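Open the model in your viewer and keep the selection panel handy. We will go from stop to stop, and at each one you will get something to select and a note on what is there.

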Amino acid sequence: MKHKLLMMAFACVLLIPSGAAKDRKEYFPKKDLTLVGAYYYPEHWDESQWERDLKKMAEMGFEFTHFAEFAWAQLEPEQGRYEFGWLDRAIALAAKYNLKVVLCTSTATPPVWLTRSHPEILIKNENGTTVDHGARQHASFSSTFYREYSMKMIAELGKRYGNDKRVIGWQLDNEPGVRQDYNTDALNRFRSFLKRKYNNDISALNKAWGAAFWSQVYASFEQITFPLPANWGQNPHQLLDWKRFSAYEAASFMDEQADVLRKYTNPDQWITSNYIPNYADGHFGQSKKLDFNTYTRYMVYGDPGIEELGFRIGDPMRIPFANDFTRPIDGIYGVMELQPGQVNWGTRNSLPYPGAVRLWLWSVFAGGSDLTCTYRFRQPLFGDEQFHQGIISTDGVTPSRGGLEFEKFINEIALLRKNYDPGSALPADYTNRKVGILYTHENVWSMEKRKLNNTWDTERHIQKYYKALKRFGAPVDVIYEGKDFSNYPVLIAPAYEMVDDSLITAWTDYVKNGGHLVLSVRSGWKDRMSHLFEAPIADKIAPLIGAGYDFHDFVPANQSGNVEMNGKKYAWNNWSEGLIPLNETEVWATHADQFYKGTPTVTHRKLGKGTVTYIGTETESGELEADVLKRIYAFSNTSLMDFPEGVWMEYRDGFGIAVNYSSKNYPFPLPAGAKILIGTKEIEPAGVLVWKVK
Ligand code: GAL
């Protein structure tokens with residue numbers, strides 16, 4: 001465990017027997033299945049209302065609340081003068097109604113005394129303008145003062161509440177994201193980051209940045225600036241390092257906070273943060289000192305979703321992908337903010353479809369989460385988030401439509417708790433379908449910088465594989481390198497552009513030991529600094545895939561090319577490659593037209609006990625990708641589901657959960673012996689079916 005040593009040290013200091021240090025999994029007893037909570041901002045309401053509100057929260061079944069997220073000004077009204085009395089009273093009231101408390105570090109809202117005495121903490125934009133006090137997230141993670149003052153405040157919070165049994169955990173900051181800052185502190189830290197990376201050797205940096213190109217050669221680190229706007233063609237390698245630096249700034253600020261808190265918190269309290277799942281930003285999941293990660297999720301805000309009702313139900317893949325990305329990081333995850341109703345910031349803030357809020361709750365639960373919290377309990381009467389619905393409406397007492405759906409879900413979880421059997425296993429036909437999708441944001445950065453085709457979209461490419469897997473009813477882990485690939489019968493590395501020898505060795509070992517590896521377009525073209533190798537394109541992976549690269553091609557947006565597999569044609573537009581198979585490599589699909597008709601584009605080979613499949617075409621419908629995956633599953637006689645778009649299913653803790661994001665009823669093919677606990681076999685739009693595994 002990451003924090004075992006630290007925990008043991010504290011256990012001694014606090015005179016807790018050393019065996020009492022908790023395993024991280026014990027934060028959330030399995031029998032509880034999931035906890036549901038709601039954000040509450042005592043500082044927004046007259047104190048005379050707190051008790052009424054918290055009592056109502058508890059009566060609706062919520063089990064935890066969440067305080068002090070944006071309250072630095074109330075916690076430290078003047079530099080060094082802390083006021084915790086209000087928070088003590090709010091925590092006492094929560095405890096009175098058996099609500100556990102999650103505390104927040106409030107760093108997203110530095111108070112005015114700090115921004116006025118140290119205006120240099122305010123983020124400077126690329127165009128030289130500086131943000132001012134009055135909103136939130138206005139300070140730079142690279143600012144020395146900001147970090148220093150934040151840590152002082154966090155230490156005081158830790159001292160006050162780190163041993164408070166009523167407090168179960170901590171959320172650091174609010175949606176910490178990559179915020180590029182152009183201040184001097186940021187520049188100095190960027191230079192230090194590069195000095196560390198290149199061992200103070202400017203010639204090593206020049207080489208990595210390809211600085212010989214267009215006369216960019218640097219004589220010292222002091223000459224380096226941020227990649228500022230250019231007339232034409234920013235240095236892609238410099239951009240890569242700068243993005244690495246920016247992600248590191250966000251991740252390291254959380255780590256620094258966690259280190260400070262942990263000096264004072266007892267091992268029962270967990271530490272997390274609430275991330276917007278912007279996977280490609282590169283910081284989410286990269287803070288090493290958190291106990292687990294949580295994400296925030298809004299579903300109806302102007303996104304069309306699918307079909308007629310999609311704008312009220314949301315994109316069916318939005319929650320499961322976030323689940324499958326977040327869970328593998330630490331094995332535990334939760335959702336810290338889940339939309340309770342209409343929001344106010346979307347492009348079109350439609351009413352969620354009746355049942356949609358509950359559908360999202362079940363969608364989060366289906367992925368194996370331990371907690372879900374909603375933003376927020378009461379709809380605010382002032383500030384920038386007026387018209388953002390809460391669990392309780394503007395009168396302060398009436399539950400909103402979404403509030404009632406939360407209440408319903410909480411009651412349904414109570415029913416599941418009664419049916420929970422600790423000995424239950426996941427069905428084998430489900431676990432046999434398990435797939436790992438190998439991901440790194442760095443590949444996204446590299447390919448998005450040089451798309452080669454303006455319709456190239458790395459995330460969409462990955463989603464084509466992901467959607468096919470969810471249609472098959474496959475459990476998926478989205479993983480970074482470093483995880484044990486052997487946990488996955490099938491491992492897909494879509495568009496894995498940047499590689500090195502150790503990754504290729506890991507892939508090769510995985511396959512030789514029986515894994516089925518799938519690589520797709522653009523894979524293996526570049527090294528980790530986004531340089532091409534001095535070799536034929538994709539030569540690095542040729543021995544592994546058993547094929548060489550011949551060409552890549554695009555057709556205009558209004559035309560299609562076709563490839564053919566087993567007599568079936570698949571249209572493509574965005575990307576297709578021609579391959580040269582080596583030795584006994586099988587050709588699964590070839591080009592059906594263009595001047596290179598007949599050229600292979602999907603190849604397959606055996607290697608040791610496993611196989612490697614290379615998919616050199618991205619089809620418009622994703623059908624080729626799905627059909628290739630079906631062929632791979634067929635090797636192990638794995639049965640697959642075939643859900644229509646919008647329907648998906650997962651198992652956890654002895655329960656099956658199926659959800660319907662489509663606009664049509666779906667008669668779910670329930671497994672034999674399944675006992676329905678919630679819903680009916682015919683799942684309505686925004687409906688949910690939950691059954692107990694036999
Ligand atoms: C989130 C944010 C919350 C709140 C919410 C409104 O992105 O973390 O603090 O602003 O949006 O929907």
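Start by selecting Glu337 and the ligand: an N or O atom in the side chain of Glu337 is 2.7 Å from an oxygen atom of the ligand. That counts as a polar contact, meaning a pair of N or O atoms within 3.5 Å; within protein, one must be able to donate a hydrogen and the other to accept it, and residues adjacent in sequence count only if both atoms are side-chain atoms. Of the 310 Å² that the ligand exposes when taken alone, the protein buries 93% (accessible areas by the Shrake-Rupley method with a 1.4 Å probe; for residues, only the protein chains shown count as cover).

A word on the model before moving on: it is predicted, with local features needing pLDDT of at least 70 and side-chain atom pairs counting only at pLDDT 80 or more, while totals for chains, interfaces and linings use all residues. Residues are numbered from 1 along each chain as its sequence is written, and side-chain values use heavy atoms, with hydrogens and water left out.

Which residues are around the ligand? Select Phe70, Arg136, Asn174, Glu175, Tyr298, Glu337, Trp345, Tyr375, Glu385 and His388; a residue is near a molecule or strand if one of its heavy atoms lies within 4 Å of it. Coloured by type, this shell divides into four nonpolar, two polar and four charged residues (Ala, Val, Leu, Ile, Met, Phe, Trp, Tyr, Cys and Pro count as nonpolar, Asp, Glu, Lys and Arg as charged, and the others, Gly among them, as polar).

Most residues other than glycine have a negative phi, and most peptide bonds are trans. Glu175, although not a glycine, has a positive phi of about 40°, and its place is in the loop between β4 (167–172) and α7 (184–197). Tyr375 is joined to Arg376 by a cis peptide bond with omega of about 10°; Arg376 is found in the loop between β8 (371–374) and α13 (401–419). Helices (H or I, at least four residues) and strands (E, at least two) are DSSP runs, numbered from the N terminus.

Next, show the barrel. Eight strands close in the order β1-β2-β3-β4-β5-β6-β7-β8, with parallel pairing (two strands pair if DSSP finds at least two bridges between them). The twist averages 25° from one strand to the next, using axes that are lines fitted to C-alpha atoms, for helices over the stretch in contact, and angles from 0 to 180 degrees between N-to-C directions. For a close-up, pick β3 (residues 100–104), which pairs with β4 over four bridges; Leu103 has Trp170 of β4 as its bridge partner.

Move along to β15 (residues 568–581), which is joined to β13 (residues 547–553) by six antiparallel bridges. Tyr549 has Leu579 as its partner there. β14 (residues 561–565) also pairs with β15 in the antiparallel sense, over five bridges, and Glu564 stands opposite Lys569. In the hairpin of β14 and β15, with two residues between the strands, Asn566 takes a positive phi near 45°.

Inside it, β21 (residues 655–660) and β25 (residues 688–692) share five bridges, and Gly656 is partnered by Trp691.
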